[in-house]
Amino acid sequence: MTSLTLLPNGELKCGNLKCGLIVVKCLNYAQYDACNQCVVKPASVVGNAEPLDLFCNCCRFNRTIPDLSVTGNLQKWATLESAKRRLFYDLDQLRLPYGDASESITPPLAFDFKGDVLPSNNRWHSLNPQEKVYTGHDNGTITINIIEADAVEREKARVSLGEPQRTLLGHFRHEIGHYYWDVLVKNRREDECIAVFGDHNSPDYETALEQYYEAGPRTNWADDSISEYATMHPWEDFAETWALYLQILSELDTATNVGFLAPDALETADIAAIVLRSQRLSVALNELNRSMGLMDAMPKPIVAPVVEKLKFIHQLTHPATMN
């Protein structure tokens, strides 16, 4: 984070003394204050203070934003964007590939932020299927129902679904896991993935989904899975484990940068060492949270079969580290 310096000619300059670039606010920052990032001003127009319609590296992937004529949607959208920026920080730390169609990334990444159709009194209610927005991923497009940005509604869903945690950032990390299955695993390392997570072809996803919501998770799910939902289908197991992996690395990165942990080269560490470091940190965080009456930061221990799944994802994101 850095300040912006307003120049006499109306241009903005990065306040970092080591940078000093001329920048412009992301269009979603300038128009709606739903972003806090800037874009380097093209050299061809430096010296011209006229506004430019440029998006930052997070907002440029938005395909659909909420209907801002609906009261409260602007704040919900800004909350979504805040979580998305944290996600992109995770991806950039890992130097993972992402892009749109012009950048030869298959599938191209996009985000749809939508709300359920509301009645005139603007209150949530039961909807017909065609009026309901489902959070999910489809061929590179991540859809988030903006009701998840409502803390009260999100907590209701967390309790009704029996989830130890339910966060916006967790949704983003889960859905981006599906995206990276397509980018890094599909038609590349499917056999290896099947050996770790199970066969995603049998049963097919729709059958597995129906069975899960009819019968629920198996009783011993905690023996080898990070969550109940991870048992629904190997794709969901992969996405849940991917989200856990990003969470672990983010926790360690933050703890290191604020001085709670000594610096450590995660790129060259094996996954067992990373998990052990994370679990020790989690115990401390859980105790701090409990002292304030909050939920645990890490609700459950990471069992050995989950470590093996994390190992596969670690190898995907750090191909030179085959531990």
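In this predicted model, helix 2 (residues 73–93) packs against helix 4 (residues 168–185) at an angle of about 50°, and their axes lie 9 Å apart. That angle makes helix 2 oblique to helix 4, and the crossing of the two helices is right-handed.

**Contact between helix 2 and helix 4**

- On the side of helix 2, the residues that meet helix 4 are Thr79, Leu80, Ala83, Lys84, Arg86, Leu87, Asp90 and Leu91.
- Their counterparts in helix 4 are Leu168, Leu169, Phe172, Arg173, Ile176 and Tyr180.
- Sorted by class, the contact of helix 2 with helix 4 comprises 9 nonpolar, 1 polar and 4 charged residues.

**Aromatic pairs**

- Over the whole structure, a search finds 17 aromatic pairs, and one of them is formed by tyrosine 32 and tryptophan 77.
- The rings of tyrosine 32 and tryptophan 77 are arranged edge-to-face, with 5.5 Å from centre to centre and 65° between the planes.

- Where helix 6 (residues 205–215) starts, a side-chain oxygen of aspartate 204 comes to within 3.1 Å of the backbone nitrogen of glutamate 206.
- After helix 6 comes glycine 216, which has a positive phi, near 80°.
- In the loop between helix 5 (190–197) and helix 6 lies proline 203, which is joined to serine 202 by a cis peptide bond with omega of about 0°.

**The loop between helix 2 and strand 6**

- Arginine 95, placed in the loop between helix 2 and strand 6, has a positive phi of about 55° although it is not a glycine.
- Proline 107 is also found in the loop between helix 2 and strand 6 (110–114), and the peptide bond that joins threonine 106 to proline 107 is cis, with omega of about -5°.

How values were computed. Residues numbered from 1 in each chain as written. Predicted model: local features only at pLDDT ≥ 70, side-chain atom pairs only at ≥ 80, totals over all residues. Heavy atoms only, no water. Polar contact = N/O pair within 3.5 Å; in protein donor to acceptor, adjacent residues only side chain to side chain. Helix = DSSP H or I, 4+ residues; strand = E, 2+ residues; numbered from the N terminus. Axes fitted to C-alpha atoms, helices over the stretch in contact; angles between N-to-C directions. Parallel < 35°, antiparallel > 145°, perpendicular 65-115°, else oblique. Left-handed = near helix turned anticlockwise from the far one by under 90°. Contact = heavy atoms within 4.5 Å. Nonpolar A, V, L, I, M, F, W, Y, C, P; charged D, E, K, R; others polar. Phe/Tyr/Trp six-rings, centres within 6.5 Å; stacked < 30°, edge-to-face > 60°.
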